[in-house]
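Here is a short briefing on one protein model. Look at the structure first, then work through the points below.

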Amino acid sequence: MSDDPAPIPLRIDRLPKDLQEAFRELYTTNGQSERKTSAYLQPDAIYCGDARQLLPQIEPNSIALSVWSPPYFVGKEYEEHLSFNEWQNLLSTVIRLHFPILKPGGFLAINIADILVFKDQTMPRIQAEAVTRKRSPVTREDVLKAIEQYPGYNRYQLAKLLGCSEQTIDRRLHGNNIRGGKYDVQTRVKIVGGMVEDWALQAGFYTYDRRIWVKDAAWENSRWASLSYRSVDEFEYIYIFWKPGITRFDRKRLSPEEWKNWGSRGVWYFPSVRSNDDHAAKFPVELPARVIRLLTDPGDIVLDCFMGSGTTAIAAIRTDRRYIGIEILEKYVILANNRIEKEKGYQRTLFECQDDDRFE
Ligand SMILES: C[S@@+](CC[C@H](N)C(=O)[O-])C[C@H]1O[C@@H](n2cnc3c(N)ncnc32)[C@H](O)[C@@H]1O
C-alpha cells in the first residue's frame with residue numbers, strides 16, 4: 001500500500017529466546033494473516049471511533065511512529081465517565097494494541113502528565129496550620145485556661161467569653177484547618193510514569209527515552225494557591241518506547257543547531273496552547289513536530305489514536321509525513337478535518353508562491 005522501500009528484514013535470531021517465540025508469527029508473516037491490504041485504515045484520514053476498536057484495523061508493521069496524548073484522568077468532558085480502573089484499562093489496552101502495528105524499530109511516544117489532584121479515599125486529611133492567617137490573638141493556652149475555669153462551657157460559650165469565633169476555638173484546640181472542607185475526599189499527586197512503563201513493557205516494547213516538556217506555570221489551574229507547599233502545573237512528560245527491530249539513524253534529520261537546542265536535550269521548553277476554546281486539551285504543533293522530525297523520515301506514517309483537534313496531522317503535513325488519526329468524538333473529527341483543510345490550503349498557497357518565484 002505504500003511506496004516505501006522494502007523494510008530491512010529483522011534478524012529474529014538475534015532477539016532473546018522468549019521474544020523470538022512471541023514475535024515469530026508477527027515478524028515472519030508480517031502479521032498479515034488473511035486480511036486484505038485494502039481493508040486496512042488508509043493514511044491521510046481521521047477515523048471516528050474508539051481507539052480500542054480501530055487500532056486492530058491498521059496494517060501490521062506499518063506505523064513508523066505513534067505519538068499521542070491520551071485522556072489524563074483529570075475529569076475532562078471526554079473522560080468524565082471513566083473510573084480510574086477504566087482509565088487504566090483504556091491506556092493499557094491501547095498500548096498493547098500498538099505492538100503489532102508499529103514497524104520493527106519504530107517508536108511509540110506518549111505525552112502525559114502526572115495527576116495532580118488525584119482523589120484518594122484512604123488518605124488522611126491534611127491538617128494545615130495557616131500561621132500567616134492567624135488573626136485572633138487568642139492562644140491555645142487561653143482556651144485551655146478558660147476550659148479549666150468553666151469546664152461545662154461549649155465552644156460557642158468559650159468563643160463569647162474570649163471574644164473570638166467558635167472556629168478559632170476549634171482551631172486552637174484541634175490545630176486543624178482542613179483543606180477543601182471537612183468531608184471532602186483528600187487529593188494527592190499520582191505519578192503515572194511507572195504505570196505507563198509497565199504497560200509498555202508488558203506489550204513487548206522497551207523504554208527508549210523520556211523528555212520533559214516545560215510549558216508555562218498554570219496558576220489559574222492551581223487548586224492550592226494557599227495552604228500547601230505543592231507546585232503549580234507547569235510540565236509534562238514524553239515517554240518514548242521502542243519496538244525491537246532495525247532503527248534508521250540519520251544525523252541529517254536535524255540541523256546541528258537543532259540537535260544542540262532540543263534534539264539531544266532532555267528538557268524541552270515551549271508554551272502550551274493559549275486559547276483552548278475549540279478543544280479542551282490541545283497540545284501545540286511543536287510537540288508532535290519535534291517527535292516526528294526526530295524519529296521518522298519523510299513519507300513515513302505517523303499515528304495519533306487520540307487525535308482531538310488534529311494537531312498531529314498538522315505536524316505530519318508540515319513535515320511531509322503521512323498520518324492516521326483516530327478520535328472518538330465526532331465534533332473533534334470535524335474540527336480536525338477543518339484544521340487540516342486550512343493547513344493544506346496554506347501549504348498550497350506557499351507552494352504556488354514558491355512556484356511563482358521560480359518563474360520570476
Ligand atoms: C488529550 S486529548 C488529545 C488532544 C490532541 N493532542 C490535540 O492537540 O487536539 C485526548 C483526546 O482523546 C479522545 N478520546 C478519548 N477517549 C478515546 C478513545 N477511547 N478512542 C479515541 N479517542 C478518544 C478525546 O475525545 C480527546 O479529544
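The largest nonpolar core has 56 residues, and Leu65, Ala109, Val291, Val302 and Ala313 touch the most other members. A nonpolar core is a set of buried Ala, Val, Leu, Ile, Met, Phe, Trp, Tyr and Cys residues joined through C-beta atoms within 7 Å. Strand β3 (residues 102–112) gives the most to this core, with 6 residues. This is a predicted model: local features need pLDDT of at least 70, side-chain atom pairs count only at pLDDT 80 or more, and totals for chains, interfaces and linings use all residues. Residues are numbered from 1 along each chain as its sequence is written.

**Cores**
- Ala313 touches Ile46, Met307, Tyr323, Gly325, Ala336 and Ile340, leaving aside residues up to four places away in sequence.
- Touching, or contact, means that two C-beta atoms, placed from the backbone, lie within 7 Å.
- A second, separate core has 5 residues, among them Val138, Leu158, Ala159 and Ile169.

**The whole protein**
- The protein has 11 helices and 10 strands.
- Helices (H or I, at least four residues) and strands (E, at least two) are DSSP runs, numbered from the N terminus.
- Buried residues make up 29% of the 360 residues.
- A residue is buried if 20 or more other C-beta atoms lie within 10 Å of its own, exposed if 12 or fewer, and partly exposed in between, with C-beta atoms placed from the backbone.
- Of the contacts with a separation of 6 or more, 72% join residues 24 or more positions apart.

**Arg293**
- Arg293 lies in helix α9 (residues 286–295).
- Is Arg293 buried, exposed or partly exposed? Arg293 is partly exposed, because 19 other C-beta atoms lie within 10 Å.
- Arg293 touches Arg253, Leu254 and Thr319, not counting residues up to four places away in sequence.
- Arg253 is 40 residues from Arg293 in sequence, but 6.5 Å away in space, C-alpha to C-alpha.

**Helices α5 and α6**
- The axes of α5 (residues 155–162) and α6 (residues 166–174) come within 8 Å and cross at roughly 105°.
- That makes α5 roughly perpendicular to α6, a label for angles of 65 to 115 degrees.
- Axes are lines fitted to C-alpha atoms, for helices over the stretch in contact, and angles run from 0 to 180 degrees between N-to-C directions.
- Arg155, Tyr156, Leu158 and Ala159 in α5 meet Glu166, Thr168, Ile169 and Asp170 in α6.

Definitions and conventions: Angles under 35 degrees count as roughly parallel, over 145 as roughly antiparallel, 65 to 115 as roughly perpendicular and the rest as oblique.
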